[in-house]
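Welcome, and please open the structure in your viewer. We will go from a whole chain down to single side chains, one selection at a time.

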Amino acid sequence: MKINAKDVASGALLILIAATGLWLNQDHNLGSARRMGPGYMPMLVFYVQLALGMIVLAMAFFNGPDPLEKWTKADATMLPVSIIAGTLAWYFAPVFGSFFENTYNALGLGMLVGFLVVCYSMGWRLLGFICAAMCIFSLLLEKGGLMLALAATIGISALAEPEHRARPLGVLGLTIFLLAMCWWIFIKQLDIRVAVWPLQY
Amino acid sequence: MDIIGNLAHGFAVALSFQNLLFALIGALIGTAIGVLPGIGPVATISLLLPITFGQPATTAIIMLAGIYYGAQYGGSTTAILLNLPGEISSVVTTLEGYKMARNGRAGAALATSALASFFAGTVATIVVAGSGPLLTSVALSFGPADYFSLMLLGLIISAVLAQGSVIKSIGMVVLGVALGLVGTDVQTGQQRFTFGVPELSDGISFVALAMGMFGIAEIILNLERPEARSVLKTKVGSLWLTKEEWKRATPSVLRGTLVGTVLGILPGGGAALSSFGSYMMERKVSKNRHLFGTGAIEGVAGPEAANNAAAQTSFIPLLTLGIPANAVMALMVGALIIQGIQPGPRMVEAQPDLFWGLIASMWIGNVMLLVINLPMIGMWVKLLQVPYKFLYPAILVFCSIGAYSVNNNVFDVYSTVLFAVFGYMCNKLKLEPAPLLIGFVLGPMMEEHLRRAMLLSRGDVMVFLERPISASMLAIGALAMAAMLLPNLRKGKEAALTG
Amino acid sequence: MMSGLLPRRAWLAGGAAMAALPAVARAQAAWPAQPIRLVVPFAPGGTTDLVARLLTQGLTARLGQPVIIENRPGAGATVGSAQVAAAAPDGLTLLMSNVASQGVAPSLYRNLRYDAVRDFTHIALVVENPVVFVANPRFVPRSLTEVVRFAQEAPRGLDIASSGSGSTNHLLIVQFGQATGARVNHVPYRGAGPAMTDVIAEVVPMMSDSLPSAAGHLRSGSVRGVAMASAARHPAFPEIATFREQGIDAVSNSWFGISAPAGLPAPIVERLSREIGLVLADPAVRARFAEIGATVGALSPAGYADFVAAEVEKWRPVVLASGAQVD
């Protein structure tokens, strides 16, 4: 078979986004060609995208083979599991205290849980740890201060690298160095307005 | 009026100790913020404005201009070293520059970027001084229909940015335009695709999109390929350009300078097109076009020259009409008005010190940036020799702080994460992010000009064909489209026949 | 756009005190003990930003603490306003209140997150400036009467540009169209700069603009004034006739003032009002405002609150008539 699996997925992705866009665009007034409403341009754009998606999809049957990377069984099961776990964490976040009543803090918790759960499978581990590291930064920054947020980010991101897991002392050294550098650049020099230490506000 | 005399007067102003000092300070600050991801010149200038109140107007504006150019230089550095573009112009620099760095030619890429920028800046400064007022008429000859066709042409040719399938990259351009639709509709004020999120009312953040799809996604991909990292560490070639590289880069710089100088004059979005307009040109006319995508020096030299030339000539509308071409210029107008000076056509006569001093300082600023940047190349290249396991947490930390500081809002950090996942997915599907970013930036401008053109023509589509500028843009676009699609279709057909 | 950079040492200093005392009590003790942040709900470089920067220069000197501008643009200035409405009334967060977010927005936005009058302590009106109709010098009709005749006779009607939908500049175009029955085609832009470019380039013959943003172009002769929407002729541009003189009853002012979150303690209100009054009394500041065509306002805190309430009512029918409405 000459099927290009990457192009099949690409075409499907373009079609899916275009269809969603067209559906959402029903809320917007199209207007006329003379006085175009807010929905006119989105309509044009999504129809063009739909057409392109279909072309990509059609051509995928002739210009392969180009298979997707193999998913292990764990990769395939952990993806939906992590999405469910993340959604549950997001939905029930307000239970864990008033901090999570804020929309973005709840969202952040959901994303963090989702990304950490998906790390259980090897295929998603790097993506999961790197994204989780940025999520924990946002969760900790405003209440916990820059230093704590950075330390947690570096700690989680280090999990993505096997060499770091073997030698935690190196991570500690790196953390201290980066904390000092960020303090000097962003606090001392640039004066960005964030809490530096926990419970500063 | 003789230009030589005026320029001599300008240099006399700009070379005073105080003005030189502040030009240097501005260039240094600008380089620093340009290197840091997410922190841009608008924020820095807005922060530093109060300091300029106490200074003479000329000194103030020289310093602010220094920050502006400095940020352009600094932005290329992170684009080349870490695949982190800070603005649309450096997206193009990542394409070949980052590949050069991976081939062990980071030093040459950085040197090319600095030298090309300097050369283009020099030429563009002379253009501004010599024929600025004359070129204003070029800026004013572009109506909404012409801008629309120019943007459309830009979008069509941006498909060549990608290495793979043309159809897929046009798909990414259109997807980028779609992402650009998110936010408040300029004409009616209605919210589109914002899902009630107030942070989206001004659209998706460019920093989050670029940082996520390029920088963060690249970290994950690098971690997946341990073998690619060791190459980076061991192969460190000469810091300077080889004779061969000089020969290849020079014609590209000349072409890039020309493209950038012309496009920079257009206030309706010309500067945004300059760097990848030049990249497109290099891929079509350069002798080494087959090397594009593997780290071709032409793809760094041309766009970097174009970008800096456009940065200089985009001062023309400001100096001759008093109309700022971008947010940085708007801040400079503010600074001038606070000083009691109204920028505009009368500034040449009313404030000759300021006008010619600024032009002279444009050039001096470029010299300073060259002097600052060339010795730093060695240091930057050393950065790449830091083992990747120590480098990537640092990049991640800088990106997190940078994304947050754009609006002091965690929302931007979360969007960066989501775009990182999306960028990772696109990489696995061989969908390239650069065309998407171009579409994202040009799309909103294109919609605005389209709707305005139709409003003014009372819904008559013929306006795009009746205006000569617009008609020729569309013709070039149609030709480019045909040239790109025909080989592709033929290949597809052959594959179909044989398969 | 990054904007909210404040000297962090100052925030550190306040940290300890903050934990011990309720915000209001602390602020009263020695206000201002920390830098004050003035939220400007527009992008840097515009008229509002300019007025704010001219004011903060003097205010910083008088209060002994830096007054730092934080640009929070977005959604017709309502993003920054909503942020201040939700802030603590400790005198450390102020808003550059203005006709867009306090006057027009309550009628324009269906789901506004604040009440323009009750959610703020309005402190002082800073400046007012009229809206002005300008035209390309080559545009033939001179007076408003001639413009109206042109609009009725030209087969396509008359295009008039503005800095954006829902702005006071746009609303004046609507008022003009209603008063005269002229066939007016509103052409919105993303800000006054691009609109002015197209007027100078003769893409659009006329534009409705706020006086400070048009002043430089009027002086340089790149555009010509057609009519000023002020009650009497403007001292800086006495040659431009008013709308009223030309038979159309339209007076339209943009205004900018200083407001704080609701519940600001009275001593801070008084101090701020007094200091702003002194800054605005400075002849150098007055001269600078006069140059850009803005008139310094003089209203007590109570007077400014009444003024804002009156503006909300004034714009309601105009917005309604314009048909503009935003979710």
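This is a predicted model: local features need pLDDT of at least 70, side-chain atom pairs count only at pLDDT 80 or more; totals for chains, interfaces and linings use all residues.

Of the 201 residues in chain A, 49% count as buried.

With a radius of gyration of 23 Å, well over the 17 Å that the globule rule gives for 201 residues, chain A is more spread out than a compact globule. Its C-alpha atoms fill a box of roughly 55 × 50 × 40 Å along the principal axes.

Next, select A:I84, A:L88, A:W90, A:Y91, A:F92, A:V95 and A:F96. Together they make a nonpolar surface patch of about 820 Å². Pick out A:F96, in the loop between α3 (73-92) and α4 (103-118) of chain A. Is A:F96 buried or exposed? A:F96 has a relative accessible area of 57%, over the 50% cut-off, so it counts as exposed.

For a contrasting stop, move to chain C and select C:H122 in strand β4 (residues 120-135). C:H122 is buried, with a relative accessible area of 4%. Show its side chain and look for two partners: the backbone oxygen of C:A116 at 2.8 Å, and the side chain of C:S259, a polar contact at 2.7 Å. Other residues that C:H122 touches include C:Q102, C:P301 and C:Y304.

Conventions:
Residues are numbered from 1 along each chain as its sequence is written. Chains are lettered from A and ligands numbered from 1 in the order in which they are written. Side-chain values use heavy atoms; hydrogens and water are left out. Patches are made of residues with over 30% relative accessible area and no salt bridge: like charges are joined within 9 Å, nonpolar side chains (Val, Leu, Ile, Met, Phe, Trp, Tyr) within 5 Å. Accessible areas come from the Shrake-Rupley method with a 1.4 Å probe; for residues, only the protein chains shown count as cover. A salt bridge is a side-chain nitrogen of Lys or Arg within 4 Å of a carboxyl oxygen of Asp or Glu. Helices (H or I, at least four residues) and strands (E, at least two) are DSSP runs, numbered from the N terminus. Buried means under 20% relative accessible area, exposed over 50%, partly exposed in between (1.4 Å probe, protein chains only). A polar contact is a pair of N or O atoms within 3.5 Å; within protein, one must be able to donate a hydrogen and the other to accept it, and residues adjacent in sequence count only if both atoms are side-chain atoms. Contact means heavy atoms within 4.5 Å. The radius of gyration is taken over C-alpha atoms; the globule rule is 2.2 Å times the number of residues to the power 0.38. Lists of a residue's contacts leave out its neighbours within four places in sequence.
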